[in-house]
Amino acid sequence: MPDHLFVGKSIPRTIEADKVTGKAVYINDLKRPGMLYGKILYSSHAHARIKSIDTSMAKQLQGVRAVLTGQDIPDVRVGFLKDQTVLKKDVVRQFRDEVAAVAAISPEIAEEAVSLIKVEYEKLPAVFDPFEAMKEGAPLVHETDARGRPLKSNILPLPWKFAVGDMEQARKDAAYIAKDTVSTTWVNQCCMGTSGCIAEFDQNNNLTLYDQTNVIFGHIGRISEYFERIGLAGKKIRVVNPVVGGSFGTKLDTDIYEFIAIQLALNTRKPVKILFDREEEFCALPPRQPAVFTIEQGCDKEGRLIFRHCEAILDNGAYTSWGATTPSVMIMPMSSLYRVPNVYFKATCVYTNNIYAQAMRGYGNPQATFAVETSMDSLAEAAGIDPAEFRFINRNRPGDETPMNLKITSCGLEECITAVRDRLQWDQKRGKQRGRGVGMASLIHVAGGARVTKSDGHGIRVKLDEFGHVDVIESGTDQGQGSPTVISQIVSEALGVRPEDIFLTFGDTALALWDAGTHASRHTFMAGNAAVIACAKAKRQILDMAVELIPRLVKGEFKRMKRKDPEFVEPDLDYGLIANPEDMDIRDRMIFPKKDPDHPYFKVPISEILRNGLHVGIGESRVVAAEAFYDPPTEMLNRDMKGNLSMTYAFGTTGVEVEVDEETGEVQILKLVAAHDVGKAMNPTLLLGQIYGAGYTGVGYGLTEEIKVRNGRVMNPSFRDYQMLTAMDVVPIEAVIVEPGDKDGPYGAKGVGEPGLVPTAPAIANAVYDAIGVRIRDLPITPEKILTALKERK
Amino acid sequence: MIDYDYRKPGNLEEVFSLLKEYGPHAALIAGGTDVMVKIRNTRKAPEVLISLRGLKELSYIRKNGDYHIGALATHRMLEQSDLVQRELTALYEGASRIGSVQVRNVATIAGNICNAAPSADTAGPLLALDAQVLLQGPEGERRVPITEFFTGTYKTVRKETEVVTEIRIPAEMERFGSAYWKQSRRKAMNLPIVGIAVSLRLDNATISDARIALTVAAPTPIRAYKAEEFLTGKPMDEAVLAEAGRIAASTDCCTLRDSLRGEAWYRAEIIEAYVPRMAKLAAERIN
Ligand SMILES: Cc1cc2nc3c(=O)[nH]c(=O)nc-3n(C[C@H](O)[C@H](O)[C@H](O)COP(=O)(O)OP(=O)(O)OC[C@H]3O[C@@H](n4cnc5c(N)ncnc54)[C@H](O)[C@@H]3O)c2cc1C
């Protein structure tokens, strides 16, 4: 018998048929009776005082049901640092500031009403560069903090600092040192489905929010806090996901438009939908956090890293969302990508009048890894060591504990580096220049949960009906990542049924137990472990019934046969084979004794047991249901930013071969090899989807994508001008799957949602350097930057 | 709210009478890939959109001495025509790089030039191929060389009452080879940062005739006459081509500017690099 029937198999995606045939109900399709449409008026300035807002014309427009400004709703602060209000009434600090909102009977009327609102502003001096913003005398983005205390500087009170070892001594000990300044810019998550929600109150002011968030319970937490401050304390909040068209980090925080929908619904007593158009998605949704790093590394004569010293400046924009917390994740690659004993990392977030940032796939890791891996190449060169060899020397190994106290369990980095080296024919190709070159970069990422909140738990419920259908109520969310398929595989394997027997419900706080959020590449690991536990319980319930019922059923059958045929001789059966549930198993819908799996009488369909267990006499009827809440024994970061926050870590290496046109600066990727340690490939096809998708996003991050923000304004808010790569731009990717198996993962799996993106951009930058001898330290690596650098060299 | 009427006449006469009836309150629509985008962006629409899609007879590509391309020929038709690919290669390259297959399936060649964007992807090839634009109005037909068709950004010589019915390319282009390069950051769904079209004829190894057209190099698509003059009568060698590239990229030929999509200096670099490359390609393609 093969080990696994379903886990590890490329089972096609289960529920996606509805998506491709247009049946799936996205937020765009969802309508509630009496629903109104909300629309937001944004600021026309990067920094200005609001002198007056005239809503009279908007209010008079037929079909308008509410026009709200900051004067009309409670003056309550929201956000990670509570540094903004829902509608801004005195000062706007960025172009995306929400100044007023309308609810109307159609989206068109709402839009027209918004255009009829007149706002008078008095411009204030603005600051758009974080370095300028740190200078004394720079215009202050915020004059006071959340408690009204005056502020003297634009620097956020979030001192991210990590220091281990003796930096001074390490510098002395280093035989070679390299220093680089690198920078990354804003990129949009580019979800296919734009942001939107429907807020609906019942008569008792309990809220149902149809919302695309991937942190359904965290959402409730933030909204409850808001409710307490607006006089709705104690009201019940239910968050329900429609089908979600992508997240990539956008759905991690509770955004301002969601609070606005709530306020409009409260005001009108009707369900209110807000749905972003693509321009809003680019202008009013927080993108990836930009950052500038000054990084210095040193190694000894043999090429062993001795220290890594890095300071980062993050343009925070005008308010604070999760973007400002990305340094907490940056600490991971800074301290733990490759073995390095002495580490210093400091990140400063600075208020400016630019757009603010949020989470995006990788959460700070792509930025930090761009810095580390650029520096790795520089230092390898200074030390005269081949960059692949240099990485190999410094690779992480199983059993390591890093300066951040990450406990490395399974680690396939060695295999990943080697695979990239082989597949790219690294040794033949490197160092030839003449426009062609190879480069590589590696990554570390959390892959077994991430304890960023006190509970990193994940709940799952499993129940079976008498036909053998399995309902699974998942506390996580499905934003298109393929979870329904993978969880079906795990449940069917663990329970002994088939994937097509599994029916999943995602994203409903009223039904689900609890979950910290479908983020941090944690869903398969967490839900998988929870499912294995819950399924073991359910399976035990079934086997308990089976032990009781199978002898009865078999004997009953013999009786019937005797009645029909008096000659019938009852076979002499060894009922000891099925005396204990421990001696039984379930596989592919059949219950059987382990010692005799094909027993002619004791092998029984699971549905027969379920049916006979339920439809019996008074007081004996039973149903099968189980739940599990898995919260791994990990640690939250302590004050020193140390702690083993994940059960296990993902490793990987990306290598690319490029050709650079020195006349035009164009970079062509000839080959991209992405080698990933995934623990165990649960579904190879879906896994490749994650690796390819993340890889291409990484190519865009490296070469083309950039939200162009000029004086605080987003200049390219459309797919025409925002250069996300298309299907025509795909590059040849070769994925190498490294499967060491992880002792803590479900069936050995680790998380892999984010990793593919992380090392791609630095691998490209390193390959460009190998090809033409100029290093681009500022993403994206545009032809303009390459030509400029080539000219400067001449 | 954006509101408009939509009419779909079955013949040119009806189009003329509708144009007369509505005057400035009407606009023609073919594939609609510029018209509809403009309506959404400006949130303003004309009172009536007069669709040309009922004029099925204007959807052709044929060679009959000259090359005749009906106004309603879509970019997809151009892309899939062996004749265009073989004999008017630059036009094939221009049409096949527009938007995406979905866009090319509906977008028309006349729409592309009547919209008159400085970046229009068929404009460069049509300039290099000496095309003429046939316009029909209630008063009859006139023929305008494409070099005189564009009068400004989004402006043409077309009168409000006229319809473009055909693009004609002279038979002599048969003896030319041609090539078009669209410089863009990605391979689809993109407007050019700059476009370079070259057509030429050789007499042994000497360039006997050459046309160089540039898009996004001036307020309208243009010909780089100075560079063409320089090439004529010269041998096809690296130095000559490089010099032609330099002339084409200079202020003698274009008025480059900085925009979100690209900076002037970079556009100049690309013109300089690609005029020689396209010239070589065009030469290889001479039948
Ligand atoms: C997603 C997308 C991608 C695009 N990519 C490109 C690209 O890569 N390169 C490029 O050059 N363009 C591109 N375009 C623009 C557009 O598709 C082309 O300009 C197209 O050729 C327009 O043709 P149409 O038939 O759709 O014109 P329409 O939108 O129907 O009309 C355009 C203009 O021409 C007028 N018009 C149309 N036909 C006639 C006629 N027979 N006589 C007189 N006037 C007429 C209309 O009144 C209107 O002013 C893109 C557009 C979209 C939406």
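In chain B, β11(B) and strand β12 (residues 194-203) run antiparallel and are joined by seven bridges. The model described here is predicted. Within this strand pair, B:Ala179 stands opposite B:Val198 of β12(B). Both strands belong to an open sheet of four strands. The strand order in this chain B sheet is β11-β12-β13-β14, and the pairing is antiparallel. The edges are taken by β11 (177-183) and β14 (222-223) of chain B. Each has a single partner strand, so one side of each is left without a neighbour in the sheet. A helix covers part of this sheet. Helix α12 (residues 264-284) of chain B lies across β11, β12 and β13 (206-215) of chain B. The angle between α12(B) and β12(B) is about 35°.

Chain A also holds an open sheet of four strands, in the order β18-β26-β27-β30. Pairing in this chain A sheet is mixed. Its edge strands are β18 (436-446) and β30 (733-738) of chain A, and each of them pairs on one side only. Neighbouring strands of the sheet are turned against each other by 15° on average, direction ignored. One pairing in the parallel sense links strand β27 (residues 667-677) of chain A to β30(A), over six bridges. A:His676 stands opposite A:Ile737 in β30(A). Here too a helix lies over strands: α17(A) lies across β27 and β30 of chain A. The helix runs at about 130° to β30(A).

Helix α17 (residues 684-703) of chain A also packs with helix α18 (residues 760-772) of chain A. Their axes come within 7 Å and cross at roughly 55°. Because of this angle, α17(A) counts as oblique to α18(A). The crossing is right-handed. From α17(A), the contact is made by A:Gly695, A:Gly698, A:Val699, A:Tyr701, A:Gly702 and A:Leu703. From α18(A), A:Thr760, A:Ala761 and A:Ile764 take part. The residues of this contact divide into five nonpolar, four polar and no charged.

A further partner of α18(A) is helix α10 (residues 365-383) of chain A. The two helices pack at an angle of about 30°, with their axes 8 Å apart. That angle makes α10(A) roughly parallel to α18(A). α10(A) passes α18(A) in a right-handed crossing. The α10(A) side of the contact consists of A:Thr369, A:Phe370, A:Glu373, A:Thr374, A:Asp377 and A:Glu381. The α18(A) side consists of A:Ala761, A:Pro762, A:Ala765, A:Asn766 and A:Tyr769. These residues divide into five nonpolar, three polar and three charged.

About 2,300 Å² is buried between chain A and chain B. Carbon and sulfur atoms give 46% of that area. On the chain A side, A:Arg720, A:Gln723 and A:Glu784 supply 22% of the area that this chain buries against chain B. That is more than any other three residues supply.

Methods: Residues numbered from 1 in each chain as written. Chains lettered and ligands numbered in written order. Predicted model: local features only at pLDDT ≥ 70, side-chain atom pairs only at ≥ 80, totals over all residues. Heavy atoms only, no water. Axes fitted to C-alpha atoms, helices over the stretch in contact; angles between N-to-C directions. Parallel < 35°, antiparallel > 145°, perpendicular 65-115°, else oblique. Left-handed = near helix turned anticlockwise from the far one by under 90°. Contact = heavy atoms within 4.5 Å. Nonpolar A, V, L, I, M, F, W, Y, C, P; charged D, E, K, R; others polar. Pairing = 2+ DSSP bridges. Buried area = accessible area lost by both parts, 1.4 Å probe.
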